[in-house]
Amino acid sequence: MTRIATIRKRADFVAANRGIRVARPGFVLLVNRESAPADEADMRFGVTVTKKIGNAVVRNRMKRRFRALLREALPQAGIVGADHVMIGREGGVERDFAALRDELAVALSRAAEGKGDPPRKRGGPRAHHGRGKGPAK
């Protein structure tokens, strides 16, 4: 039987960013093959939803749906020895559960093949935050 554990430490969530990224309309799936300790479980999963998505009720509902999807899909389609992290996207809570299930199956198969999406582009309106000098005027 496949042992599945939950990711609890922030460092493990951050480490998942170094893995494969597969974006779908309702969520983003991150899969990191190098970080799951073999003694703890065969595979691990985590769910994160930011405050931009909605209030606590909306975020918790989305997390419950994502956990149910992962517990259902990972034993058959998950990558053994990997961490799987689902990040909620705007509109993910309104999506049909069957559609989310199909999207997760596609995302897991793409991750298993090593076909992730290209890295996100840095930049945009928030590119120059911090204390450094801004653009020359």
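**Exercise 1.** Is F27 buried or exposed, and what is its relative accessible area?

*Solution.* The model is predicted, with local features requiring pLDDT of at least 70 and side-chain atom pairs pLDDT 80 or more, whereas totals for chains, interfaces and linings use all residues. Residues are numbered from 1 along each chain as its sequence is written, and side-chain values use heavy atoms, without hydrogens and water. Buried denotes under 20% relative accessible area, exposed over 50%, and partly exposed the range in between (1.4 Å probe, protein chains only). F27 has a relative accessible area of 0% and is therefore buried.

**Exercise 2.** Classify the aromatic pair that F27 and F66 form.

*Solution.* Rings of Phe, Tyr and Trp (its six-membered ring) pair if their centres lie within 6.5 Å; planes under 30 degrees apart are stacked, over 60 edge-to-face, and the rest tilted. The structure holds 1 such pair. For F27 and F66 the centres are 6.1 Å apart and the planes make 75°, which is edge-to-face. Because F27 belongs to strand β3 and F66 to helix α2, the pair ties together parts 39 residues apart in sequence. F66 is also buried, at 0% relative accessible area.

**Exercise 3.** Determine the order of the strands in the sheet and state which stand at the edges.

*Solution.* Helices (H or I, at least four residues) and strands (E, at least two) are DSSP runs numbered from the N terminus; two strands pair if DSSP finds at least two bridges between them. The 5 strands form an open, mixed sheet in the order β1-β4-β5-β3-β2. β1 (4–6) and β2 (20–23) each have a single partner strand, so one side of each lacks a neighbour in the sheet. The twist averages 20° from one strand to the next, where axes are lines fitted to C-alpha atoms (for helices over the stretch in contact) and angles run from 0 to 180 degrees between N-to-C directions. β4 (43–48) and β5 (83–88) pair in the parallel sense over 5 bridges.
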